[in-house]
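Reader: I would like a close look at a single part of this protein, followed by an account of how other parts are put together. Please take the time to go through it carefully.

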Amino acid sequence: MHMYPCISLIPTCRSYLALTYESGLLLFYVNGVLHQRLDISLPAKYTRVDVGWSPRWFEGLFPGDVGNIRVWRRKLQPNEVAMSISSELPASDHVLNVTPSALWTAPVAIKSGWTSLASSNQPSNCAASVVVPFLDRTPVHQLRILASHLQQHAGNSCQVSVFLVACTRQDFDNAGFDGLGQAVVLQPSAKLQWDACIRYGFQQALTWDSEIPYIAVVAGSLLPLPGWLLGLVSDFQQHTGVSAVFSKTLFVNGTIKSFGSRFEQMYDDYLARQVVRPVEMYEGYPWNYGPTMKTVAVQAAGCSAWLMRSSGVTELLEDGGFSLGLGSYLACSDMALRLQQAGRAVLVSPLSSFIDTATRARQEDPAALQAFEQTWSYILKAQYVSALALNATATWVMHCGGFAGIEAFNLVQHLEGKLRLRAQIQRGWPFCEHPDVLQDMPLTFSERVYRLRRLSAYLPSDIVIHHKDYRQLAAWPWPPNNSSAYLIGRYSWDMDRIHRQWADQVKLELDEVWVPSNWHATSLQQQGIQVNKIFVVPESVDSHLYDPDIWDPLTLPRQRKLSFLTSFCMDDHAGWQAVLVAYLKAFRNHTDVSLYMHTATFPQRVYRRDLVYEAMHTFLHSSKDTYLQSVSLYQGHTNDAPHVHVFGQQLTQLELARIYSSVDVVVVPSRSEGWDAPYMKAMSLGKPLIASIWGGLAEYIQSDFAFLLNYTITPVHSLDDWVRGANWAQPSVDGLVTAFRTSYGSQNLCAMGQKARWKIVEDHDIEVVSNMILERLKTISESRKSESHNAKPLDMAKDPIPVDVHMCSLLPKASVRLSQVMPALKIAVLSTAPPRRCGIATFNSALVEYLQPLLPQGSSVEVFPLVWDTELPALGGTDPTQRRIRQENYNDYVSTARAINGEGFHAAILQHEFGIWGGADGSLIVCFAKMLEVPVVTVIHTLSDNLWDSHQYILQHLAASSKAVVVMSESSRNKLGAFHGIPSDNVIVLPHGAPVMSAVNPVAVKAMLNLTGRTVLMTNGLINPMKGIDLVLRALPAIVEEFPSVMYLIVGEPHPDCGKPCADYLEELVAAASDHRIADHIRFVTQFLDNGLLLQYVQAADIYVLPYKERITTNSGTLTMALAAGKAVVSTPFDHAALVLTGRGVLVDFDSPLSLQDGILGLLRDDSLRKKYQRAAREFSLGRDWRSVAGEYATLLANITASH
């Protein structure tokens, strides 16, 4: 059997591959995570799985990935997959172990990344009753596996009695657990929620064996790694005053899911206010991240796995523990707070680890949130205030990515909780669109910044730190035009002078500037910057994350004896040409060296390997050196050039960390990169450097851990206007040749790397620099107490944004004319409109339909449609007298404004979404709003978390030009202030309307649609790839296998604004739906339906599915309609869904067919839960029908016109 044509390619930078085969199912794992399933057939008798002719086959398919390949003749559980990486499983089940081929002259040394920490001593009396609560339908075989593994992997001489507590009233037969020793199934007489289930389990365990020394709780989704109980008991006995010890829990890919929580401020969408709530400290970090490798006391922890003394359990129950109905999210935080109030400590132990196999997102119960707040909010707020090192509020303005952003985020983690902190993000790249702005870094990064950003509306800033390129200072943060806050800038470019505009900005607008070295300080002084404004704040890196001891090295593609790495963008600042030439010259005719390049073309920032090679070949062929002209870098070409490999893709920060760990020397001889990421990360990871020490770098890079380069000072030749006229360092090619050759012959690379790491740990670790910054902020805060604070005007005209955006922002606002007070109103509405098919057009049509009858008698509403020029021929059949605005025709905006001003209109409603208005980035809406002499109501539909600078201007000026700004949730109102600097004075929350739904008989509706006897799942809306329908199709086989009556309706046509990509996506869906397992369970309704027929389909649905991949969807008309129809909803947690479905529906993980499958099956299996969500949906929708919502708009219009 040759299975390799079936396996899809995976990203580079993985080293652990595992294959398992059982009963026709082959599973393919990458670093412990299931990557692909294959249905295959094997001969009845086989001794091995044929994976190709040799390990070389794997090298070709997964270049550089092969560090360890293992094949097993049985299915493994997630914890066993993890254990197999460190040889924990018995070899008898192992079929084949493929080691690196002979081509690798220095095969990677696997560091047994999953081996658990060993306890230093054997604890006494290691015995525990283990309570395993189950609150969902769980297959018996899964319970058997868990019970077996809890006993098998408890640790030497440790005894375990397992109590499986079935709190869902699921019927079990104890006989099904025969042979598992002390495993008991407990079934309470009534269905119990989480807290009550834990109490019941504790009570039963104490009754069953009153002499047992310890009681543990292990969530049903966990599977243990070896020695889990031994580690907990060891830590219990080694520390005094302890009441509970929690285990470290890991995701299946080995990153941390839970290692304790701390209480921090956040904005709660459901409560619509600030709260103090537990947050995970290290979620998403590598399992062996330094701070999590020692036992620590914590403020709280999630309810995953923990151990208590039996006597402590009794005391806790008597004190009311697990009695508030808080659920698994907050119950253990409540427990920890109770224990700490009694003077007892709560620990988290690295000696005990579990793998969490849960696939569904955590569900927060609104009632539980309120109960926790009522019980603990006063105490937690007091504790939070008492822990502050200073009372000032600071805003950290940062890039959403890159080294500056990562450094800022790292510093923030050590400053949060020590001062009132918030964050502002400058969107610099498209991937900044999502709230998880550093999506390639540990999850805690993005969650922390998102949390700090949402606090902004509540924390007026005393200090603003611009940890970014402050050319856009005027737009960030708010207020946009002036600020009385203390403004701090950051400058780190290694050039001998700065742009005059920057210098003027520092002199006139900033209160101080932070630089990374004394060299930078001197350079600024020479430009006339006052000495008392300049402070040296070193650059920093997380030395725990970039620690050589936690990263397994990779066997890189065709890796030779000695390997070099360089990482750069192919722009003017990087000296990549010198690196390439020097390497080729230094190692001509050498076959035992490798140069690895992580790079992208400039200015397109394209990582495609072929385009990078083409750019490099163009450069080499332009050389006058015949040897360089003859070099071919393409793999397979034979010449006397040394090996060069371009990765050909944008690698994440964590992938790069593993690559750094896999090379011998890092080369970054840039002309002027400031103190860039490669230096810091390479030094922290213990790698020697080849580097020039021009500028501030001379204060950091030393000859005892770097091969230093000569350079010449040359004028800057760059397309960047901001650096012209300055000088920078040109690294010497001859010096690079010498450095390459010297490092090749060096026997001290390891010792040099150790010295580099010590330099980082001692002087540049984020905690060291954070403490330095905190002291500086204390000094600033104290000095400002005795100073007056005048607002500083900020020069907005210098910001690099489109001219027409500036034009509209500088246009004066027309005075709103006084109108005669009269009952009748004449309202202008500007929006897209039918027959254009888009959500805004549908929204506006419904609003106008219901608004007109609610206005005073004699009132009128005129819609001015926004159209494309190409739409006009298609509109020939519509009212020829209707006035329209062609999207890109400025004269139409002027004439329409003139008509509204001169024809007796009293107010104008503007529907806003980027993309439907003309001008650069939709800027003409600002010009139009400023031309109007009537009060303007702006309705903001989609509100992105991260805006381009031009979008930021447009939104701020549009809000300032509007009498009222309407958003559709309290969360969006907070976001306007927190993320975009728009005060809430004129912001009004009016919900998205829904059709008026009359009660219908679903059976009758199904009969009308030929769906009799079917259980209907439904997704509707204009189809595009971000809808996520493909994820449902992947989840469907398992769903229809258990529920054969299921029919999935996909209702909608490809989005007309999307074109070919959406049409292609529909074709892909149709092809996927032809799978024989699901073909009879899918129906496409691919036309734009009128409201009546669409409502019939919605009313026929049993479960409404919203599998959106797009996180930034602040308002969903389809979700609003589903709730109004009283449907149980399964959805990914995009903004609108996360807000309204908490406690009213099922939220599942993004991009996870398995999570969707579990969420849908959970509702299909539990009629009572489905009915509960249906009731909650109907109750939530009361007062949100279009008639009610239009009434609120009518009241708003009456109010704003009455004042004029």
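In which loop is Asp542 found, and between which strands?

Author: In this predicted model, Asp542 is found in the loop that runs between strand 24 (534-536) and strand 25 (562-569). The residue is buried and yet has no salt bridge, for the nearest side chain of opposite charge, that of Arg757, is 7.9 Å away; a salt bridge would call for a side-chain nitrogen of Lys or Arg within 4 Å of a carboxyl oxygen. A polar atom of the Asp542 side chain does, however, lie 3.0 Å from the backbone nitrogen of His544. Once the neighbours within four places in sequence are left aside, Asp542 is in contact with Tyr285, Tyr289, Asn410, Gln413, Ser684, Asp765 and Ile766.

Of the contacts with a separation of 6 or more, 76% are accounted for by residues 24 or more positions apart.

Turning to other strands, strand 32 (residues 727-731) is largely enclosed by the rest of the structure, because 4 of its 5 residues are buried. Strand 32 runs antiparallel to strand 31 (residues 711-715), to which 5 bridges join it, and Asn727 in strand 32 stands opposite Pro715.

A further part of the model is an open sheet of 7 strands, paired in parallel and ordered 36-35-34-37-38-39-40. Its edge strands, each pairing on one side only, are strand 36 (885-886) and strand 40 (987-989). Within this sheet, strand 37 (residues 907-912) and strand 38 (residues 936-940) pair in the parallel sense over 5 bridges, and Ile909 has Val937 of strand 38 as its bridge partner. Helix 22 (residues 839-851) lies across strand 34 (826-831), strand 35 (860-867), strand 37 and strand 38, and runs at about 150 degrees to strand 37.

Finally, helix 26 (residues 970-980) is mostly covered, with 9 of its 11 residues buried. Among the buried residues of helix 26 are Ser971, Asn974 and Lys975, as well as the run formed by Leu976, Gly977, Ala978, Phe979 and His980. The residue that follows helix 26 is Gly981, which has a positive phi, near 70 degrees.

Conventions: Residues numbered from 1 in each chain as written. Predicted model: local features only at pLDDT ≥ 70, side-chain atom pairs only at ≥ 80, totals over all residues. Heavy atoms only, no water. Helix = DSSP H or I, 4+ residues; strand = E, 2+ residues; numbered from the N terminus. Buried < 20%, exposed > 50% of the residue type's maximum accessible area, 1.4 Å probe, protein only. Lys, Arg positive; Asp, Glu negative; His and termini not counted. Polar contact = N/O pair within 3.5 Å; in protein donor to acceptor, adjacent residues only side chain to side chain. Contact = heavy atoms within 4.5 Å. Pairing = 2+ DSSP bridges. Axes fitted to C-alpha atoms, helices over the stretch in contact; angles between N-to-C directions.
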